Amino acid sequence: MPPTRSEYKRLPGGRSRLFRRDRLYLGPDHVLLVRSLSFSEEYRRFYYSDIQALVSQERPTRSRRIADWIAIGVAAAAVIALFSTNHPVWGSLLNIVAAAYAWLALRREDCKSWVQTAVGTAELPSLCRARSARRAIALIDERARAAQTPLPPEELARALETPPPLPFQTTASPPAPPALPLAAEASRRPSRLYVAGFAILLALGVFKMYTALSLPRSFPWVMPVGYLVFLALMIVPLLRQGIRNIRGSRAAAVLTSIVIAGSMGTYALSWATSATSRATQDANTRKIYAMLETATPLHVGMAVVLLLLAIWGLMAFLMAEEPGGGTSGTPLTLFGSDRL
Amino acid sequence: MKLQPPPTHCHVCLATIPYAPGGALVACRCGVAARALVYPAIFRLRSESAGELIQTEGEAACFAHEDKRAVAACDSCGRFVCALCRIEWGSRVLCPACVNAAEKRTDLLVRSRTLYDNMALVTAIGSAIIFTLSLFAAPVAIYLAIRAFKAPRSLVPRTMMRAWFALGLGLMEVGGWVWLLVFLVMKARS
């Protein structure tokens, strides 16, 4: 009897991307993984009787905490700047940004789930949030247990200690490649100067936001000097290690920041040097400079750009997962020994 | 869809995930929590037998292989099948002929479906935004909406609201062009 549409019941959870959406449905005798693309749907079935294991793993929380602290710091600095200057428009914008961040934080993916069958192991992309994953796995678990002949827990535990024979003949695994020398690994590790540079950019953004909202503007040389320090902190490790030693998102953050902050730094430097020679300028030039100096939206926009660049860079360098994982010890696996 | 690395490996540090009986939450060495639920199917071996030959007279034989012993009956047509012909289909046992027939008339083997209603909706809205395109795009949107009603639908619950909306929008756009044409002709005559 083919399943009709009404026989599928949607499971909690889901993951949406720009042109892709993943959902999981409970069928009469199988779980249906549905990947909706823009103009088509792809299906994959996992029969309850074939499910060997369901695994879910939480994502590391350290990187999330760092991102939260950065966001809280930026918001606090902006709130202090707003309170000291009392700008309702920027306060409203900040509230909107804070609400958007809170919404994204609530919808953040914090776990990964897989289903293992005799054919292979497939990720269940819709079970990417711990709470919904727990509820969905409980529902699948109930049906998978009902569909399979139960084994007593002690027998299951005993059986797991002995790995089942493989269904195909395996050949001896090739010898492991020699380990890379430690010095080479150290040289591939991105320099901490990048993090310091982005921290300075964050401080520059906060300072710019403060000075943009508190007229008259003071300390004209702080920004050019800050830009120069930032550029130095970016370019020195780049020259020493090269761009190939930093991975995609980090390289993008570094190069984008150098281009944008470099342009803004040039502008800030010319602004600061021209400020010293205002007396010799003609009336029209002085008027244009005065108009630019009082254009609060322009300065706030620049501060926002700096803050976004800094947050992007810090997140790229602090949140990236470091590959590795030691091989010491003899951890148990699903089969009781490390046979994979 | 792409197969992932075995779940027994932590996706953060690539170490093996320790197993705890009963699916209890355990921590990987990198500190990330993991939970593994294991089912009896993990111990089931695949049957790779080509089917045993008939040993004694009077034993049931496979429908397709007369010299092989039948191990089951097809749940759909009732024919006896040997270990080679036996196909497990969820909780049912089918013979190859029934699987072939099922492929044509059932949703159980469908791997993908085209969403004509989405196509119609995008075409209709796009042509409404860029109105000059609607002269060509609106009929296409109407065609796609009608196709969406006739084509096999999604396996999962999905309303036809998109197709109805695209059909309405497409008809309105075509009506707008007809009205414009009539208006221009009338104006030219007057």
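Predicted model: local features only at pLDDT ≥ 70, side-chain atom pairs only at ≥ 80, totals over all residues.
**Stop 1: the whole complex**

Begin with everything displayed and coloured by pLDDT. The predictor assigns the complex an ipTM of 0.74 and a pTM of 0.58. Chain A has a mean pLDDT of 74, and 69% of its residues score at least 70. For chain B the average is 80, with 76% of the residues at 70 or above.

**Stop 2: chain A**

Select chain A, in which there are ten helices and eight strands. Of its 340 residues, 26% are buried. Among the contacts in chain A with a separation of 6 or more, 69% join residues 24 or more positions apart.

Which elements of chain A have the lowest and the highest mean pLDDT? Helix 5 of chain A, residues 182-188, has the lowest, at 48, whereas strand 3 of chain A has the highest, at 93. Now select residues 178-187 of chain A, where pLDDT stays under 50 and the model has two contacts beyond four places in sequence. Residues 321-340 of chain A also have a pLDDT below 50, and this stretch has 37 contacts in the model beyond near neighbours in sequence.

**Stop 3: the largest nonpolar core**

Select Leu24(A), Leu32(A), Ile51(A), Ala53(A) and Leu54(A). These residues have the most contacts inside the largest nonpolar core, which has 35 residues. Elements that each supply at least two residues of this core include strand 3 (21-26), strand 4 (30-36) and strand 6 (53-58) of chain A, as well as strand 2 (33-38) of chain B. Helix 3 of chain A provides the largest share, five residues.

Next, select Ile70(A), Tyr227(A), Val254(A) and Leu307(A). They are included in a second, separate core of 33 residues.

**Stop 4**

Is Leu32(A) buried or exposed? Leu32(A) counts as buried because it has 21 C-beta neighbours inside 10 Å, and the threshold for a buried residue is 20 or more. Apart from neighbours within four places in sequence, its contacts include Tyr8(A), Tyr25(A) and Tyr43(A), together with Leu155(B) and Val156(B) from chain B. The C-alpha atoms of Leu32(A) and Leu11(A) are 9.8 Å apart, and the two residues are 21 apart in sequence.

Then select Leu54(A). With neighbours within four places in sequence left aside, Leu54(A) is in contact with Val115(A), Ile137(A), Ile140(A), Asp141(A) and Leu37(B).

**Stop 5: two partly exposed residues**

Select Glu58(A), in strand 6 of chain A. Glu58(A) is partly exposed, with 19 other C-beta atoms within 10 Å. What does Glu58(A) touch, not counting residues up to four places away in sequence? The residues are Asp110(A), Cys111(A), Ala130(A), Val32(B) and Ala33(B). Ala130(A) is 72 residues from Glu58(A) along the chain, yet their C-alpha atoms are separated by 7.0 Å.

Move to Leu269(A), which lies in helix 8 of chain A, residues 248-275. Leu269(A) is partly exposed, with 16 other C-beta atoms within 10 Å. Its C-alpha atom is 8.2 Å from that of Val225(A), a residue 44 positions away along the chain.

**Stop 6: chain B**

Select chain B, which has four helices and seven strands. Along the sequence, the elements of chain B follow the pattern β-β-β-β-β-β-α-β-α-α-α. Buried residues account for 33% of its 190 residues. Of the contacts in chain B between residues at least 6 apart in sequence, 32% join residues at least 24 apart.

Residues 1-7 of chain B have a pLDDT below 50, with 18 contacts in the model beyond near neighbours in sequence.

**Stop 7: a pair of helices in chain B**

Two packed helices are described by the angle between their axes and the distance between the axes. Select helix 2 (residues 116-129) and helix 4 (residues 161-189) of chain B, whose axes come within 8 Å and cross at roughly 35°. The crossing of helix 2 and helix 4 of chain B is left-handed. Residues of helix 2 of chain B at this meeting include Leu121(B) and Ala124(B), and those of helix 4 of chain B include Phe165(B) and Leu169(B). By class, this contact has eight nonpolar, three polar and three charged residues.

How values were computed
Residues numbered from 1 in each chain as written. Chains lettered and ligands numbered in written order. Axes fitted to C-alpha atoms, helices over the stretch in contact; angles between N-to-C directions. Left-handed = near helix turned anticlockwise from the far one by under 90°. Contact = placed C-beta atoms within 7 Å. Nonpolar A, V, L, I, M, F, W, Y, C, P; charged D, E, K, R; others polar. Core = buried A, V, L, I, M, F, W, Y, C linked by C-beta atoms within 7 Å. Buried ≥ 20, exposed ≤ 12 C-beta atoms within 10 Å, placed from the backbone. pLDDT = per-residue confidence, 0-100.
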